[in-house]
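Biologist: I would like to go through this chain with you. For each label, please set the value against its cut-off.

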Amino acid sequence: MVYDYIIIGSGPSGGTLAWHLHKDGAKVLVLEAGKFFKKDTFPRNEADTSAWLYWGGGIEFDETAKMAFLRSKVVGGTSIVNQCLLDRFDSSALDEWKDISGVDFFSVENMTPYYEELESKLKLHTFGPDERNRNAQLFVKACEALGHQWHNLRKGQDDCAFHRGNDCMACLGGCHRNSKQSSLAAFILESVAEGLELVPEVMVEEIVPGETVKVNAVKQGTKVSYSAKNLILAGGSFGTTQLMLKSGFGKQFAALGKYFSSHPQFMSFGILDEPINAHKGYFQTVASKDSVMRKDGYKLENVFAPPISLALLFRETGKSHQEFMKKYTYLTNIEVAIRDENTGQIKVDRKGKLVVQKNLTEQDKRRRDKGLETVKNILHAEGSKEIYQSSFYFGLHLMGGCTMGTDPAKSVVDPEFRVHGHRNIYIADSSVFPSAPGINPSLTVMALSQKLSNQLTQRKHVKVFEQVGA
């Protein structure tokens with residue numbers, strides 16, 4: 001069978017595109033490396049979540065093992081394990097993108113219709129004061145005392161049953177209520193019920209370009225191949241770039257694998273004299289929205305982590321580690337996320353294995369240090385007697401590697417989301433980002449995929465109209 005579209009990846013980009021193209025009547029096949037979980041089958045503990053829902057059994061590292069990356073491997077992609085915080089990009093991010101790429105639609109004015117169209121399909125909720133746990137309450141109070149600006153976060157969610165005692169922490173391992181507006185809940189389940197073909201647990205190994213694009217893969221140890229008139233890569237920064245490199249596109253594009261960024265994040269904890277229970281209720285409802293911090297290239301997020309993940313952030317061992325973990329319910333937490341320079345590079349070795357180079361630049365370090373100093377002051381203002389800053393840092397927002405631009409010498413994808421020189425291979429996931437926006441990328445990944453969806457479906461209708469007219 002020759003499909004109209006093969007989509008590799010089922011996260012925010014792949015799910016959005018699959019829903020629109022399938023609704024428009026196209027024959028679509030979605031290929032996903034991860035397992036297909038539903039609300040009743042998601043893992044119920046942190047250990048299984050790491051083993052079943054992430055690449056690398058929970059964590060991957062750069063080539064120096066100094067920086068860790070979290071990348072999901074599951075139907076629904078990253079949207080299954082994140083908090084589904086949905087913010088639009090501002091002029092600072094989009095204007096920079098336009099300057100770097102030469103792509104005209106990168107502006108607040110031009111992106112607004114795609115944000116609006118996408119948001120109309122999602123259930124959105126902006127948090128209020130009565131939904132803040134103690135960790136968030138302390139953060140807001142300290143920010144106001146020190147003159148820092150903050151805002152209530154907006155999340156894609158329906159009925160989380162918060163007022164009936166439900167806790168958000170389990171949502172990091174997949175939402176058991178289909179409340180979180182993940183790619184799975186918002187797009188994939190409906191599309192599969194209506195006939196969308198989705199094949200999970202299949203590892204795509206190679207793309208063979210042509211009038212009909214061929215995809216070679218391995219499913220449960222058996223080699224399989226699929227063909228389509230069009231191919232859309234939606235495996236994210238790592239997945240899409242790795243596949244492009246393994247398929248030999250590095251010979252064509254000098255920019256392939258370059259300009260990688262990840263919003264490096266640094267966790268700090270304060271210990272108070274009273275239980276904070278930061279793991280209870282909605283654990284991420286507010287964050288900084290400060291013009292000075294934005295200018296200085298960092299933001300603060302009021303977050304927390306489940307016990308195993310938190311325990312891994314510190315070098316203590318033995319009794320000292322036990323004593324620290326006994327204070328779990330007394331911990332308050334703030335995370336610094338920096339707007340890093342896009343100097344990282346994604347490569348593959350001779351066996352096709354992923355190799356990531358991502359060192360902090362001097363500018364990155366200055367932004368980190370400013371952020372950590374601000375956090376220290378906030379934690380003291382909250383009343384923390386002891387402050388712990390983890391020596392480990394990690395990237396949650398993986399961006400770049402197949403950047404969009406008008407110049408094929410400096411980019412991989414053109415302004416119509418096509419791989420330069422290939423009329424039927426498209427990319428609209430986070431790998432096309434020209435630089436780090438300093439804002440959660442999920443909504444914009446979906447908005448770019450909304451734009452590509454509109455482009456592809458309208459092009460189909462135009463072609464049919466022309467044929468009928470002829």
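Biologist: What makes the pairing of the side chains of Thr240 and Asp429 a polar contact?

Modeller: The side chains of Thr240 and Asp429 come to 2.7 Å. The cut-off for a pair of N or O atoms is 3.5 Å, one able to donate a hydrogen and the other to accept it. The value is within that limit, so the pair counts as a polar contact. Bear in mind that this is a predicted model.

Biologist: How far can the prediction be trusted, and where is pLDDT under 50?

Modeller: The average pLDDT is 94, and 98% of the residues score at least 70. The stretch under 50 is residues 464-468. There the model has 0 contacts beyond four places in sequence. Where pLDDT is low, predicted coordinates should not be read in detail.

Biologist: Back to Thr240. Why is Thr240 called buried?

Modeller: Its relative accessible area is 2%. Buried means under 20%, so Thr240 qualifies. Thr240 sits in helix 7, residues 236-246.

Biologist: Which residues touch Thr240, leaving aside neighbours within four places in sequence?

Modeller: Leu233, Ala234, Gly235, Cys402, Ile427, Asp429 and Ser431 are in contact with Thr240.

Biologist: Why is Asn135 called buried?

Modeller: Asn135 has a relative accessible area of 0%. That is under the 20% cut-off, so Asn135 is buried. Asn135 belongs to helix 5.

Biologist: How do you know how helix 5 is oriented to helix 11?

Modeller: Helix 5 (residues 134-146) and helix 11 (residues 362-382) pack at about 110°, with axes 9 Å apart. Angles of 65 to 115 degrees count as roughly perpendicular, so helix 5 is roughly perpendicular to helix 11.

Biologist: Which residues make that contact?

Modeller: Helix 5 brings Leu138, Phe139, Ala142, Cys143 and Leu146. Helix 11 brings Asn377, Ile378, Ala381 and Glu382. By class, the contact has 7 nonpolar, 1 polar and 1 charged residues.

Biologist: Is Gln220 buried or exposed, and what is its phi?

Modeller: Gln220 has a relative accessible area of 65%. Exposed means over 50%, so Gln220 is exposed. Its phi is near 50°, a positive value in a residue other than glycine. Gln220 lies in the loop between strand 10 (213-219) and strand 11 (222-233). Most residues other than glycine have a negative phi.

Biologist: What makes Asn178 partly exposed?

Modeller: Asn178 has a relative accessible area of 27%. Buried needs under 20% and exposed over 50%, so Asn178 falls in between. Phi of Asn178 is near 55°, a positive value. Asn178 is in the loop between strand 7 (154-156) and helix 6.

Biologist: Which residues of helix 6 are buried, and what follows the helix?

Modeller: In helix 6 (residues 183-193), the buried residues are Ser183, Leu184, Ala186, Phe187, Ile188 and Ser191. Gly195 follows helix 6, with a positive phi near 110°.

Note on methods. Residues are numbered from 1 along each chain as its sequence is written. This is a predicted model: local features need pLDDT of at least 70, side-chain atom pairs count only at pLDDT 80 or more; totals for chains, interfaces and linings use all residues. Side-chain values use heavy atoms; hydrogens and water are left out. Axes are lines fitted to C-alpha atoms, for helices over the stretch in contact, and angles run from 0 to 180 degrees between N-to-C directions. Helices (H or I, at least four residues) and strands (E, at least two) are DSSP runs, numbered from the N terminus. Angles under 35 degrees count as roughly parallel, over 145 as roughly antiparallel, 65 to 115 as roughly perpendicular and the rest as oblique. Contact means heavy atoms within 4.5 Å. Ala, Val, Leu, Ile, Met, Phe, Trp, Tyr, Cys and Pro count as nonpolar, Asp, Glu, Lys and Arg as charged, and the others, Gly among them, as polar. pLDDT is the predictor's confidence in each residue, from 0 to 100. Buried means under 20% relative accessible area, exposed over 50%, partly exposed in between (1.4 Å probe, protein chains only).
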